[in-house]
Amino acid sequence: MLIDGVWQEKWQPVQKQDEKGRFLRQSSSFRERITPEQVQTTDASESRFTLYVAYICPWATRTLIARNLLGLEKYFDVKSVEPVLTDYGWKLDSDNAGSWTYMHELYSQSDEHYTGRATVPVIWDNQEQRIINNESADILEIFNNDLHRLKQHDVDLHPVVLTDEIFDFNNRIYNSLNNGVYRAGFATTQDAYQEAYTDVFSTLDWLEEHFSDKKYAVGEQLTESDIRLFVTLVRFDLAYYGLFKTNKKRISDYVNLSVYLDRLMAIPAFSQNTWVDHIKQGYYSIKQLNPNGIVPEGPELPWFKYLGEK
Ligand SMILES: N[C@@H](CCC(=O)N[C@@H](CS)C(=O)NCC(=O)O)C(=O)O
């Protein structure tokens, strides 16, 4: 992580936790918004803003899926990092070669006294050379709400009439499932692990019931809630089940959740942003949890049929 703008190599073992060994996620610090006028540059060949992502990362994948579903590709080009987190944090892919080698350089360029982890996703302003936002929940709102008049597809991921339901659904799955798997994986006491494990599977059991008669997370259409749920479900059997020890059941053991996952995977915005090799390599390179870095060969999953060559 960066401390007062300076990279500290000894960050990796230090996942923040509370006094009971529970994993604590850092809150995001760049929270600016963007207007359609800022996005529409005169030079159509280059976008003013770049979305920096890791394909391993569920939070970054939320933003990639929304970008494609809404058709905002020409306004935000994408730069990705390598799947394995290095001693210097995220390293940019070599084919994204530009002025930067590591993500933390973008953070200290934006704020020379920044203290915190250099996370993805990030919206970077190429004109002002600084980070605008590093919180995926905000980025989803920017894409869907703030820039709604620029979208190329007739999609609304956050219809006003569903606001309360979306809010409740997102809240219900965030701590217990999206972050619940991390709470299980990074717990440093048996009790903290047990608490997270119970939350994860009671939520999955509830969702299995929910999808017995529903096609989508909320309402009768695809919304932001589906994106938020998808990014966790798709990583579950590949990484969380083994590495994070959330191993009561796999998603493929849940009939309705499997049908739901298959339904979303059939949509290109979901399958194109699912990078199985990055997910496996990335998670299994977390030294704290897997010191020898061995990446499992399996599993083989039914939805692999939707994945093209990457
Ligand atoms: N609140 C952030 C969380 C982002 C986040 O935790 N990203 C992880 C990857 S999945 C990261 O970049 N971690 C690097 C680190 O912690 O050093 C969001 O939703 O945008």
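In the hairpin of β5 and β6, four residues lie between the strands, and Q129 takes a positive phi near 55°. Strands here are DSSP runs of E with at least two residues, helices are DSSP runs of H or I with at least four residues, and both are numbered from the N terminus. The model is predicted: local features need pLDDT of at least 70, side-chain atom pairs count only at pLDDT 80 or more, and totals for chains, interfaces and linings use all residues. Residues are numbered from 1 along each chain as its sequence is written, and side-chain values use heavy atoms, with hydrogens and water left out.

Two strands count as paired if DSSP finds at least two bridges between them. W124 has its bridge partner, I131, in β6. Q129 sits in the loop between β5 and β6 (130-133). Q129 is not a glycine, yet its phi is positive. Its relative accessible area is 30%, so Q129 counts as partly exposed.

D4 belongs to the loop between β1 (2-3) and β2. With 43% relative accessibility, D4 is partly exposed.

Cis peptide bonds occur as well. One runs from V120 to P121, with omega near 5°. P121 lies in the loop between α3 and β5 (122-125). Another joins G298 and P299, where omega is about -5°. P299 falls in the segment after α11 (276-283).

M103 belongs to helix α3 (residues 103-110). M103 has a relative accessible area of 0% and is therefore buried. Contact is taken as heavy atoms within 4.5 Å. Neighbours within four places in sequence aside, M103 contacts Y52, V81, W90, L92, A118, T119, V120 and V122. M103 and E9 are 94 residues apart in sequence, and their C-alpha atoms are 14 Å apart in space.

Helix α9 (residues 255-265) has the buried residues L257, Y260, L261, L264 and M265. Seen down the axis of α9, these residues fall within an arc of 135°, so they line one face of the helix. The arc is that of the directions from the helix axis to the C-beta atoms. An α-helix has 3.6 residues a turn, so residues three or four places apart point the same way. The cover over the buried residues of α9 includes α7, α8 (224-243) and α10 (268-271).

Side-chain charges were examined next. A salt bridge requires a side-chain nitrogen of Lys or Arg within 4 Å of a carboxyl oxygen of Asp or Glu. By this rule there are 17 salt bridges. One of them joins the side chains of E195 and R22, at 2.8 Å from N to O. E195 lies in helix α7 (residues 190-210) and R22 in the loop between β2 (6-7) and α1 (36-39), so the pair ties together parts that are 173 residues apart in sequence. E195 is partly exposed, at 34% relative accessibility. R22 is partly exposed too, at 27%.

A salt bridge also forms between the side chains of E37 and R149, at 2.5 Å from N to O. This pair links distant parts of the chain, 112 residues apart: E37 is in helix α1, and R149 is in the loop between α4 (136-146) and α5 (163-178). E37 has 51% relative accessibility and so counts as exposed.

D253 forms a salt bridge with R250, and the closest N and O atoms are 2.9 Å apart. D253 is partly exposed at 38% relative accessibility, and R250 is partly exposed at 35%. Elsewhere, salt bridges that share partners join E32, R48, D125, E128 and R130 into one network.

Methods:
Buried < 20%, exposed > 50% of the residue type's maximum accessible area, 1.4 Å probe, protein only.
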